[in-house]
Every structure is written in structure tokens, then in C-alpha cells.
Amino acid sequence: MTTTPATEPLKFAYWVPNVSGGLVVSNIEQRTDWGYDYNVKLAKLAENNGFDYALSQVRYTASYGADQQHESTSFSLGLLTQTERLKVIAAVHPYFWHPAVLAKWLITADHISGGRAAVNVVSGWFKNEAVDLGVRWLEHGERYRQSEEFIRVLRGLFDSAEKGPFTHQGDFFQVHDFQLKPGPVTSEGRPHPEIFQGGNSTAARAQAGNVADWYFSNGKDFDGFTEQYLEVNQNAALAGREGAVKFGLNGFLVARDTEKEARDVLEEIIAKANPEAVEGFRSAVQQAGPSTGDGKGMWADSTFRDLVQYNDGFRTGLVGTPEQVATRIVEYKKRGVDLFLLGFLHYLEDVEYFGAKVLPIVRELEADLEKTGDPVAAR
Ligand SMILES: Cc1cc2nc3c(=O)[nH]c(=O)nc-3n(C[C@H](O)[C@H](O)[C@H](O)COP(=O)(O)O)c2cc1C
């Protein structure tokens, strides 16, 4: 199997800063705010600067450099009511929800927003948080069994609106004769709210092939992305869903007028890292990729430097001039990335700079790619 570039224009998402401390665990000055008013302004700015999606992250216990934390589903709904085109993806842990309750939330949010609600199903790494809230912590593989069942039930419920009442007797969830009324909004390009998933382990890759619409990768270099792309696509083909999974890649983007300025920002972020918070986070994420038998998965080989951006976003290498960053973005597109999930230091300023300076070059390079197959050679 080879990698094939997506033919659609690349899509862009941003991490909603619904937690304090921004997207890096560093004492560097950040002009990013975690509050609602700031986030509404940001969401409106983002949808006018080329962003199709925003992702609200979920954590309940303020920790590891984040002192304040807004809940993901309510925050997402707030942003949906204040925007016109942006799709907002709310992250959820299956161990805190009944899938039918979440499906009801999603469909109501979908109706309020005209078909712009989406969900990111995450299988969790924060054991102490779950235990503090009275949830029995399942080991890694079992959490994925639960998450996959959760997504299957969501899909069954979405279908129930047309097909009739849905029943499911599973190991984790039960639904008896239940029909979603209303069903999903009819919206271009998707039959129901899109289902994203986070997690990069072998179990996560199997789940993506079996049931997800989108696979989110932590920050990776070219080979690190390709390796996941091939395996997930293979899994999808085995599940009779060839080509059904789309790929999102995380990256922390620092674009400045000169390469030196951009690199200096990155080095300052790392030099001013909060070591205690980074090490605390490292210890908590031992419950993710590092806890698996084959050592594959998120944070399995992250260095201290990587962990300063808690989704390995520096590894994607989106640091430099607009031209350099745009070129690298399109190189990833050639390898099969459909969407970039971006984090920034000073969100309002950086999102605007991205829309004005980086995105136009990305679109030019994509047009070249359509014509020649190699945008770099064509320039
Ligand atoms: C893009 C992305 C976003 C994620 N967002 C969250 C989140 O908001 N909350 C959370 O607890 N985990 C989040 N995760 C991590 C998942 O919980 C993941 O399933 C878990 O860390 C296990 O990872 P593994 O399958 O690689 O071992 C995210 C993962 C990715 C790739």
C-alpha cells in the first residue's frame, strides 16, 4: 500500500484554549486566554482565517501547567452559537458518558448549529482524575474495547433516526429499543456528526480502521505519520471500510517573517519550560502508549522537549517563515494528511498571521500539486 495525497483542499483545525496556560507547558509570556469571551473572539477570527474546525479538549482536573479548565461539551456549544461556519469538535471520554446521552447532546448541538457539531472520542491517560471521580480505571486495551463499543453505539443511534429503534447488549453499554428523535441534521459531506478519535497505539489504530471517521495523530515527522497512515488504512480495508478514515495531524505552528525569529520563539518556549509540570505530565501519560505491550502509542518515545507541547506538536516541524511552513504542510498532504490540528503561542495574533501569510501559500502549493504532482519542483 502506498501513500496517496488527499485531493480535497487541506482542512485546518485549532485547539481551543479552554484550559489556562495555553498549549505549551512553559513560563514564556503567552497572550492566549482560556476564558469564554476571548474564545468567542478567537473562533470568529479563526473561521474568517481559513479554519474549518475547532477542537475543545477535555480534562476535568486542573493540572500540569493548567490551573483552570472549561468543560468541553458546554464550551463547544457556546462556540457553535457564536459562529457561522466553524465545526466544533468536543472531546469526550467514554468512561464518563452513556453513549445515548452523548448522542442526544450531539444531535441537539447539531440542530442548534445547523449541522456543525462533532465529537472526538478519547480513551484517556489521566488515571487519577478518573479514580477521583469514582470511575473504575480499565487497563489500556479494555479502555479501547469500551471506546470502540461506544462509537458503534453512537453510529447505531445516529442510524436509528431513519431505520427505527436501536438495541445494543454489550459488555459496557446497554440500549433497549431507543430511537433518536430528532436525528442528525442533513449537512453537506457528512451523514451525521463526524466522529474523530485521539490515540495512536495499536489498539487506537485498530479502532480507527473499524469505526472512526477521522484519526488524529500526535505531532510526528514524515515517517512517524506515514507509519500510522499505512496501518490505519490497512485496518480499514480489513474491516471493509477501505479509504473511509481521514487523517488529522497535530502541529504547533510558529511562523514569523524570518526563520531566526521563529526558531528563537521555539527555543524560548523550551528554555522557559516548567520542568515540574512537564515531568508530572510525563508520569501521568505512562497510562497511554508507554503502557502497551508493543510500546506503540502516544508519548511512548517523547523527550522532555517534545512534552513541553503536550501533544508532541514540535515534532511536526511547523516552525519557520510562511513559505517554509506552508511547504512542509503540503509535504504532509502528499503523504496523506487531510487536516492539520494546530496550536499557537499567541492565538489571536498567530491565527491572523496564519490566515494572511501562510494559508495563501498553502493554497498555491496545493494548486501546483494538482497540476504537477510536485509543488516544490514547480516553484
Ligand atoms: C489530537 C488528540 C487529542 C486528544 N485530546 C485528548 C483530550 O482532550 N483529553 C484526553 O484525556 N485525552 C486526549 N487525547 C489522548 C487520548 O486520551 C488517548 O486515547 C490516550 O492518551 C491513549 O493513547 P494511546 O492509544 O496512544 O495509548 C488526545 C489525543 C490526540 C491524538
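**Parallel strands, crossovers and ligand shell of the predicted model**

Strands S7 (residues 194-197) and S8 (residues 214-217) pair in the parallel sense over 2 bridges. Two strands are taken to pair if DSSP finds at least two bridges between them, and helices (H or I, at least four residues) and strands (E, at least two) are DSSP runs, numbered from the N terminus. The structure is a predicted model, in which local features need pLDDT of at least 70, side-chain atom pairs count only at pLDDT 80 or more, and totals for chains, interfaces and linings use all residues. Residues are numbered from 1 along each chain as its sequence is written.

A residue is classed as buried if 20 or more other C-beta atoms lie within 10 Å of its own, as exposed if 12 or fewer do, and as partly exposed in between, the C-beta atoms being placed from the backbone. S7 also pairs with S4 in the parallel sense, over 4 bridges, and Val119 has Ile195 of S7 as its bridge partner.

Strand S4 (residues 117-121) is in turn joined to S3 by 5 bridges, and the two run parallel. The bridge partner of Val88 in S4 is Ala117. S3, helix H3 (residues 99-113) and S4 make a right-handed β-α-β unit. Strand S3 (residues 87-92) is largely enclosed by the rest of the structure, because 6 of its 6 residues are buried. From this strand, Lys87, Ile89 and Ala91 point one way, whereas Val88, Ala90 and Val92 point the other way. Strand S2 (residues 53-56) runs parallel to S3 and is joined to it by 4 bridges; Tyr53 has Lys87 of S3 as its bridge partner. Between S2 and S3 the chain passes through helix H2 (residues 72-82), in a β-α-β crossover that is right-handed.

In helix H3 lies Val101, which counts as exposed because it has 9 C-beta neighbours inside 10 Å. The C-alpha atoms of Val101 and Leu154 are separated by 9.8 Å, although the residues are 53 apart along the chain.

Several backbone features were also identified. Lys181 and Pro182 are joined by a cis peptide bond with omega of about 5°, and Pro182 lies in the loop between strand S6 (174-178) and S7. Asp177, in strand S6, is not a glycine but has a positive phi of about 50°; with 9 other C-beta atoms within 10 Å, Asp177 is exposed. Asp312, likewise not a glycine, has a positive phi of about 55°. Asp312 is found in the loop between helix H10 (304-307) and strand S11 (319-320) and is buried, with 25 other C-beta atoms within 10 Å.

Around the ligand there are 23 residues, of which Gly198, Gly199, Ser201, Gly297 and Met298 come nearest; a residue is near a molecule if its C-beta atom, placed from the backbone, lies within 6 Å of it.

Note on methods
A crossover is right-handed if, with the strands pointing away from the viewer, the path from the first strand over the helix to the second runs clockwise.
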